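Hi everyone, thanks for coming. Let's look at this one together; please bring it up on your screens.

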Amino acid sequence: MSGHSKWATTKRHKAAVDAKRGKIFSSLSKDLTLAAKDGGGDPATNARLRMLLQKAKAANMPADNVDRAIKKGTGELPGVVYEQLIYEGYGPGGIGIIVEVTTDNKNRAASDVRSTFTKNGGNLATPGALQFNFTKQGQFIISTEKTTEDALMDVVLDAGAEDIRNNGDFFEVLCPVSAFNAVGEALEKAGIETEDSEIAWIPNSETVVTDPELAKKIVKLTDALDDLEDVQNVYSNEDLDGSLVD
């Protein structure tokens, strides 16, 4: 299964993380606060906030939690000051991993990420060591049950999408970061529901993994990173079949 999309392979990881309600609510709260801070608290004029509200609804996040998170972003309520950080590292087999962190305690986050890499057969790299192997892009995941490829192309290409990939049971739409809001709005206007949407680190090339033991080690590390309090997203460049770790 292709590692670039991170959907078919890592939706299993995400499901495990999302089952921990405190973790998913905390992550969504941070994202909502930052989205409101950057683009305002009105979802009608803030496409990123609009999409996050859909995620919050799907996760059954309490409305009071959502409201507080947005008001912290707009300054209507006092809140902690978050820093957004990126850590880069190598996993078992030399797999490249990028970890996005949103934290109010940089020292804690750095210590947790470093120790997690070390305990799971990986190591942190120097800043910038891996980013050239990835491209930061807007990514939209759409079930093939929701639309056809031709209809999807008609909607997203004019909005600025660069690539549409048919991965069997889902389409993956990729666009420049600058076109993320426009593509999201075009999908909404067309009534095409997304399974997920984010600004993601997409690997430029992938490392094929066929050894089940190595695959399990990689997944163990990415799962452990996902579980950390301050970690928002984990991206990696392995290409492995999900059956290797089932």
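Let me begin with N166, which is partly exposed, at a relative accessible area of 45%; here buried means under 20%, exposed over 50%, and partly exposed in between, with a 1.4 Å probe and protein chains only. A word on the source: this is a predicted model, where local features need pLDDT of at least 70, side-chain atom pairs count only at pLDDT 80 or more, and totals for chains, interfaces and linings use all residues. Residues are numbered from 1 along each chain as its sequence is written, and side-chain values use heavy atoms, leaving out hydrogens and water.

You'll find N166 in strand 5, residues 163-166; strands are DSSP runs of E with at least two residues, helices runs of H or I with at least four, numbered from the N terminus. What does N166 touch, not counting residues up to four places away in sequence? T144, E149 and F171, where contact means heavy atoms within 4.5 Å.

Now over to Q139, in strand 4, residues 134-143. Q139 is buried, with a relative accessible area of 4%.

Last, helix 8, residues 212-227: at 1.5 Å a residue, its 16 residues should span 22 Å, and the end C-alpha atoms are 22 Å apart, which agrees. That expected span is 1.5 Å times one less than the number of residues. Among the buried residues of helix 8 are A215, I218 and L225. On the face turned away from that buried side, you can see exposed K217 and K220.
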